[in-house]
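Have the model open in your viewer and keep the selection tool ready. Each stop below says what to pick and what is there.

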Amino acid sequence: MNCSLLAEVALVVHEASEGAVVALERRRRELLHAPPLGELLELAARARANEATAEELALAVEALVALYAPPAGAYEH
């Protein structure tokens, strides 16, 4: 789990500002297999609307990142 990405999504949840979105996009681009920014922003909006706990948000971010990761063993020869 990428804790830095989670922190940036949490910042967008708590501070829906352009600066928070820019920071999230910068962190997202650092990941090898990252979900699209729109998916992360939608997740943040849903978390905000549902008043998600930090643990719920972490699980949601982890699940979203896992969806975009390559299958296990994809790089093995």
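**Stop 1: Glu-62.** Start by selecting Glu-62 in this predicted model. Is Glu-62 buried, partly exposed or exposed? Its relative accessibility is 41%, so Glu-62 counts as partly exposed. The cut-offs behind that call are under 20% for buried and over 50% for exposed. Glu-62 sits in helix H4, which covers residues 54-68. Glu-62 and Leu-5 lie 57 residues apart in sequence, yet their C-alpha atoms are 9.5 Å apart in space.

**Stop 2: H1 against H3.** Keep Leu-5 selected, as it belongs to H1. Show helix H1 (3-14) and helix H3 (37-49). How do their axes cross? The axes of H1 and H3 come within 8 Å and cross at roughly 55°. That angle makes H1 oblique to H3. The crossing of H1 past H3 is right-handed. Next, show the side chains where the two helices meet. On the H1 side, pick Leu-5, Val-9, Val-12 and Val-13. On the H3 side, pick Leu-40, Leu-41, Ala-44, Ala-47 and Arg-48.

**Stop 3: a pair along H3.** Stay on H3 and select Glu-42 and Arg-46. The two form a salt bridge, with the closest N and O atoms 2.8 Å apart. Both residues lie in helix H3, 4 residues apart, or about one turn of the helix. Glu-42 is partly exposed because its relative accessibility is 41%. Arg-46 reaches 53%, so it counts as exposed.

**Stop 4: helix H2.** Select residues 18-29, which make up helix H2. Draw a distance between the end C-alpha atoms. At 1.5 Å a residue, the 12 residues of H2 should span 16 Å, and the end C-alpha atoms are 17 Å apart, which agrees. Now colour the buried residues: Ala-20, Ala-23, Leu-24, Glu-25 and Arg-28. What covers them? The cover includes helix H1 and helix H3.

**Stop 5: Arg-28.** Zoom in on Arg-28, in helix H2. Why does Arg-28 count as buried? Its relative accessibility is 17%, and the cut-off for buried is under 20%. Show what surrounds this side chain. Beyond neighbours within four places in sequence, Arg-28 is in contact with Leu-5, Ala-34, Pro-35, Pro-36, Leu-37 and Leu-40.

**Stop 6: the partners of Glu-25.** Select Glu-25 next. Side chains of opposite charge can pair when their charged atoms come close. The side chain of Glu-25 meets that of Arg-28 in a salt bridge, 2.8 Å from N to O. These two residues are 3 apart in helix H2, so about one helical turn separates them. Glu-25 is buried, with a relative accessible area of 17%. Is Arg-29 buried or exposed? At 56% relative accessibility, Arg-29 counts as exposed.

**Stop 7: a linked trio.** Finish by selecting Glu-8, Arg-27 and Glu-30. A network of salt bridges links these residues. How many salt bridges does a search of the whole structure find? The search finds 5.

Methods: Residues are numbered from 1 along each chain as its sequence is written. This is a predicted model: local features need pLDDT of at least 70, side-chain atom pairs count only at pLDDT 80 or more; totals for chains, interfaces and linings use all residues. Side-chain values use heavy atoms; hydrogens and water are left out. The expected span of a helix is 1.5 Å times one less than its number of residues. Buried means under 20% relative accessible area, exposed over 50%, partly exposed in between (1.4 Å probe, protein chains only). Contact means heavy atoms within 4.5 Å. A salt bridge is a side-chain nitrogen of Lys or Arg within 4 Å of a carboxyl oxygen of Asp or Glu. Axes are lines fitted to C-alpha atoms, for helices over the stretch in contact, and angles run from 0 to 180 degrees between N-to-C directions. Angles under 35 degrees count as roughly parallel, over 145 as roughly antiparallel, 65 to 115 as roughly perpendicular and the rest as oblique. A crossing is left-handed if the near helix is turned anticlockwise from the far one by less than a right angle, and right-handed if clockwise.
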